[in-house]
Amino acid sequence: MANNTARTREAVLDFAELLAKAFFGGLGVAIAMALAILALTPSAQAAGTPLPDAKTGTLLLKADGGSYAEAPKVQTEVGIEVTGMIARTRVSQVFHNPGSDFVEGVYVFPLPESAAVDHLWMRVGDRVIEGQIQEKGEARRIYDQAKAEGRKAALVEQQRPNLFTNNVAHIGPGERVEIRIEYQQPLKYENGEFRLRFPLAVTPRYLTPMRALDPMPDEPKALEAQADEPLVQPAFVSQPGTNPVDIAVVIDAGMAIGDVRSSYHDTTVEKQTGERTAIFLVKEQDEADRDFELSWRIAGAAPQAALFVDRRPDPDYALVMVVPPQPTAAEMQAFQRLPREMILIIDTSGSMEGASIRQAKEALLMALDTLTGRDRFNVVEFNSAMRPLFSDALAATPEAIRTAKEWVAKLRAGGGTEMVPPLTFALDGRETPGYLRQVIFMTDGAVSNEDELFRLITRRLGSSRLFTVGIGSAPNSHFMTKAAQFGRGTFTYIGDVREVHEKMTQLFAKIESPVLRDVAIRWPDGTPVETFPSRVPDLYLGEPVLVAAAARAPLGTVVVSGLRGNQPWSVALTPPVDSHSGVGALWARSKIASLMDELAHGADLNDIRPRVVQVALDHHLVSPYTSLVAVDVTPTGPAGPVRTAMVPSALPQGMTLPQTDTPAALQFIMGLAALLCATIVFALGRSRWVAAA
């Protein structure tokens with residue numbers, strides 16, 4: 001994240017003072033410093049306020065000149081119901097138009113990257129409107145026409161897989177607007193523990209300069225607008241208490257569950273039955289300044305396999321989960337004798353300021369402690385520029401590790417988030433005979449050019465494995481998850497400095513253990529089945545196989561197999577009697593994600609787009625190329641343009657955000673420009689004074 005640090009300000013001001021003293025003395029110092037400070041002032045930098053990159057529900061009211069004015073958020077409620085491996089979530093937010101004009105609201109909200117959004121419900125005043133799915137361009141045309149005719153309308157569009165916007169036309173003076181978005185997602189299961197995460201907080205994204213991008217058609221509007229916006233999306237940051245949230249979760253696991261733990265919020269847990277548990281926030285309205293996460297285990301032995309089926313006339317949908325067994329002591333010993341080449345990358349950009357940089361440095365030091373004399377390593381930091389510790393990987397001698405630890409201790413956060421150089425440096429595409437090459441990438445993922453980075457990883461991975469470590473209270477989990485997927489590694493999320501030891505220990509256990517290779521699923525003979533992902537990746541210790549399938553005939557026994565070391569392994573699953581609704585939507589969401597992933601491998605967008613549209617229309621899902629639109633038939637507002645205000649989003653807990661939105665390099669240039677202007681003005685004045693004398 002390209003936010004200026006105090007160091008940059010001091011550098012500009014110190015340089016201004018030095019030159020001014022050298023040329024003009026005290027008066028020159030005063031003029032130069034004044035103009036340099038003016039250049040460093042946020043109000044002098046901003047040419048306008050762009051659409052914010054929000055991580056929580058936000059209502060924007062567009063004012064004159066393209067900027068955004070404030071509007072109050074009244075209430076946010078999140079209800080989540082967990083059944084087996086599936087979570088159904090309803091997000092309800094109520095807004096109030098306090099002004100005297102009809103306005104258009106732009107509602108920005110984040111969701112989990114695996115969310116299948118299939119429902120929009122809107123109440124504006126006394127009118128209730130349901131959303132219908134349409135191709136993206138057609139949905140926009142319907143909405144714009146309704147807005148022009150003075151009718152109330154809503155439009156939900158996907159900007160990124162984990163970021164959506166909802167436009168609401170013609171909110172009347174004093175009217176209240178209630179928005180409900182519903183979606184489904186699979187739970188995350190790892191190391192015997194289920195996890196459910198709901199994004200809440202704001203991590204402003206760094207917008208990469210256009211010259212560094214290789215954008216594809218239909219990429220997010222945030223990218224398309226870069227030419228007219230600052231390089232950094234500013235955060236619309238709220239004061240404490242202005243952006244509250246209430247969350248309730250009901251878990252119906254179908255079996256007894258053990259302790260339920262909230263990672264970052266105080267909660268109350270009520271055991272309603274042996275298999276049903278309700279969880280509430282202790283505070284009825286809590287701060288939305290960090291993501292919400294629950295974790296729990298099944299009482300007794302951890303499940304090793306599960307098959308969920310959504311029975312329909314045609315087809316049946318299935319969700320397969322299988323957890324590979326623990327490797328034997330002999331397999332572990334054989335695998336751990338292999339030497340490693342570990343490349344450790346740490347993000348030191350401005351968005352990592354505060355608790356995030358402390359978490360990342362502690363995690364990096366833990367990684368250095370795992371190295372042995374047979375390993376090789378290197379450490380790379382990046383912000384606006386990349387800086388490796390060594391020009392190439394070196395043997396992990398005690399002296400080299402001591403040098404690395406001293407170097408890490410001095411790292412500070414500041415500058416932009418330019419990920420292309422460090423990934424290009426670390427993923428050199430070379431084979432490393434005799435070594436397991438592992439790249440550990442620690443960042444909050446606060447970037448906007450995800451697709452460019454995915455293509456880079458795909459092209460340059462070679463024999464390396466890329467493991468991403470999400471840092472901070474609200475990392476970009478879409479980027480982190482997909483980068484690990486393309487990198488044939490795993491994603492680890494650290495949301496609190498107290499979790500560093502536990503989470504990094506789990507990560508090292510994965511990368512120091514043999515993977516389950518050549519994983520395959522055998523469906524009943526004669527059953528046509530379409531699965532996503534179509535090819536199951538290699539699996540690390542504690543990770544499950546999770547595959548969604550559509551079967552054109554009733555399902556029978558399913559067999560999952562693979563190679564653990566050099567030994568074959570398999571497990572058979574029998575379909576359950578009960579049907580689980582929602583599996584079909586998850587299959588469709590997985591298919592859309594797989595189709596979009598093909599673009600990173602060089603697929604033609606003209607081939608991918610109509611296939612995505614068809615799946616989304618068939619399953620009533622929002623996608624990159626389809627939207628939900630709702631239109632009232634009765635005009636209730638004036639025809640023609642209307643104003644549009646913004647409820648500020650919360651800054652992530654522990655994050656320190658400088659009060660400026662100009663990148664460090666650009667700010668330095670602006671300071672120098674101000675200094676040169678001061679120099680010219682003073683020189684002209686001095687020459688006239690000398691002539692007069």
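The paragraphs below go through a few local backbone and packing features of this predicted model.

Residues are numbered from 1 along each chain as its sequence is written, and side-chain values use heavy atoms, with hydrogens and water left out. Because the model is predicted, local features need pLDDT of at least 70 and side-chain atom pairs count only at pLDDT 80 or more, while totals for chains, interfaces and linings use all residues.

Two residues stand out for their backbone angles. Most residues other than glycine have a negative phi, and most peptide bonds are trans. H170, which is not a glycine, has a positive phi near 60°. H170 sits in strand β10, residues 163-171; helices (H or I, at least four residues) and strands (E, at least two) are DSSP runs, numbered from the N terminus. With a relative accessible area of 0%, H170 is buried. Buried means under 20% relative accessible area, exposed over 50%, and partly exposed in between, with a 1.4 Å probe and protein chains only.

R488 also has a positive phi, near 55°, and is likewise not a glycine. R488 belongs to the loop between α11 (477-486) and β28. Its relative accessibility is 39%, so R488 counts as partly exposed.

Strand β28 covers residues 491-494 and contains T492. T492 is buried, at 7% relative accessible area. Leaving aside residues up to four places away in sequence, T492 touches T468, V469, G470, K503 and L507; contact means heavy atoms within 4.5 Å.

From F532 to P533 the bond is cis, with omega near 0°. P533 lies in the loop between β30 (529-532) and β31 (545-551).
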